[in-house]
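Please look through the structure below before reading on. The paragraphs after it go from the whole chain to a single residue.

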Amino acid sequence: NEDASVGDQVNHQIIGIDPGAGIMKAAAGVMEDYELNDWTLVEGSGAAMTAALKKAYDKEEPIIVTGWSPHWKFSAFDLKYLEDPKGSFGEEENIHTIARNGLAEDHPSAHKVLDQFNWSEDAMNEVMVKITDGENPEKAAADWVEANEDLVSEWTQGAEKVDGDKITLGYVAWDTEIASTNVIGKVLTDLGYDVTLSQVEAGPMWAGVAEGSLDAHVAGWLPLTHADYYEKFDGQFEDLGENLEGTKIGLVVPEYMDIDSIEDLKD
Ligand code: PBE
C-alpha cells in the first residue's frame with residue numbers, strides 16, 4: 001500500500017544482526033534518539049540480514065536493515081544509508097587489530113605481521129565479493145594473497161618463518177571479518193604457523209583475547225562500534241592500531257524506497 005507509512009510498510013521492523021554486534025547497540029540508541037518507540041530491532045545474523053535484504057530487493061519490497069561498509073551488498077544492490085541528522089551512529093571509523101597481551105614475546109613473527117596488516121576497502125571488497133559469489137572463504141583469501149604479493153610482503157617484512165607454532169584468531173561471522181580473518185590467517189599459514197580460525201560471537205571474541213584463549217582478532221571497529229568491549233577489557237589486550245580505515249555503520253534501505261532520513265521513520 002503506497003499510502004501506508006514506512007513503518008506500516010515494514011511492520012515497524014528494522015532487520016538487525018547478531019545481538020552482540022556493536023551496530024545493534026548503536027541501532028537501539030538510534031531508536032531512542034529518534035523516538036521510534038513502536039519499532040522493533042529484529043535480532044538475527046549477518047547472513048539472515050543479507051538474505052532478507054535480497055528477498056525483499058528481488059520483489060522490490062520495502063525493507064530497513066542495519067548495514068555497514070565496506071560490504072558487498074552495496075555492489076550487489078542499489079542501496080542508500082538513511083541520513084542520521086542527530087549523528088547517533090557516529091562518524092567514520094576504523095578497524096583495529098587487537099592482540100592478547102604477551103603475544104609479542106610468545107610469537108614475535110605473528111605479532112609483527114598482525115601489527116603491519118593494513119589494507120584498503122577496495123581490497124577487502126575483492127575478497128568479500130568472491131565469497132559472496134560462492135567461493136569458499138579460504139580459497140578466496142588464498143587467491144587474493146597470491147595475487148597481491150607486493151602488499152602482503154609489506155605485512156610480512158621483518159617477520160621470520162616459524163615451524164608449526166600454533167596461532168588462534170577469533171572472528172565473528174560478519175562478511176567483513178570472514179574476509180579479513182581468512183586473509184591474515186592465510187598469510188600467517190604461509191609463514192609457517194598452524195593457524196586456527198575460531199568463529200565466535202562478538203563478546204567472546206573480545207573476552208577471548210583478553211583472557212588469552214585467542215591470540216588476536218582483526219575485527220575491532222573503533223572508536224564507537226566496539227567502545228563497550230574496548231572499555232570493558234581495557235588493559236587486557238594490545239591495540240595494534242588500524243588495519244582498515246573509513247568504515248561506516250547505519251540504517252540501510254534500497255534506493256527505490258521513498259525515504260532519505262531516519263527522521264522519516266517516525267509516523
Ligand atoms: N559490524 C561489522 C560489526 C563490526 C563489523 C558492523 C556488523 C558490529 O559490531 O556491529
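What follows describes a predicted model, starting with its domains.

The chain is divided into two parts: domain 1, made of residues 6–91 + 249–265, and domain 2, made of residues 93–246. Taken over C-alpha atoms, the centres of domain 1 and domain 2 are separated by 27 Å. Where the two domains meet, 17 residues of domain 1 are in contact with 20 residues of domain 2. On the side of domain 1 that touches domain 2, at least two residues each come from α2 (22–33), α3 (46–58) and α4 (73–76). Helix α2 gives the largest share of that side, four residues. Sorted by class, the side of domain 1 that touches domain 2 holds eight nonpolar, seven polar and two charged residues.

The next topic is the core. The largest nonpolar core has 80 residues, and V113, V187 and L188 touch the most other members. Strand β9 (residues 237–254) provides the largest share of this core, seven residues. For L188, the contacts can be listed: not counting residues up to four places away in sequence, L188 touches A110, V113, I167, Y193 and V195.

Two helices can now be compared. Two packed helices are described by the angle between their axes and the distance between the axes. Helix α7 (residues 121–132) packs against helix α10 (residues 175–190) at an angle of about 110 degrees, and their axes are 9 Å apart. Angles of 65 to 115 degrees count as roughly perpendicular, and α7 and α10 are therefore roughly perpendicular to each other. Which residues meet where α7 and α10 pack? From α7 come M124, V127, M128 and I131, and from α10 come D175, T176, I178, A179, S180 and V183. By class, this contact of α7 with α10 has seven nonpolar, two polar and one charged residues.

T225 sits in the loop between β8 (216–222) and α12 (227–232). Is T225 buried or exposed? A residue is buried if 20 or more other C-beta atoms lie within 10 Å of its own; T225 has 25 other C-beta atoms within 10 Å, so T225 is buried. Leaving aside neighbours within four places in sequence, T225 is in contact with G22, I23, A26, E93 and I249. From C-alpha to C-alpha, T225 and W206 are 13 Å apart in space, and they are 19 residues apart in sequence.

Note on methods: Residues are numbered from 1 along each chain as its sequence is written. This is a predicted model: local features need pLDDT of at least 70, side-chain atom pairs count only at pLDDT 80 or more; totals for chains, interfaces and linings use all residues. A nonpolar core is a set of buried Ala, Val, Leu, Ile, Met, Phe, Trp, Tyr and Cys residues joined through C-beta atoms within 7 Å. A residue is buried if 20 or more other C-beta atoms lie within 10 Å of its own, exposed if 12 or fewer, and partly exposed in between; C-beta atoms are placed from the backbone. Two residues are in contact if their C-beta atoms, placed from the backbone, lie within 7 Å. Axes are lines fitted to C-alpha atoms, for helices over the stretch in contact, and angles run from 0 to 180 degrees between N-to-C directions. Angles under 35 degrees count as roughly parallel, over 145 as roughly antiparallel, 65 to 115 as roughly perpendicular and the rest as oblique. Ala, Val, Leu, Ile, Met, Phe, Trp, Tyr, Cys and Pro count as nonpolar, Asp, Glu, Lys and Arg as charged, and the others, Gly among them, as polar. Domain bounds come from an automatic or database domain assignment.
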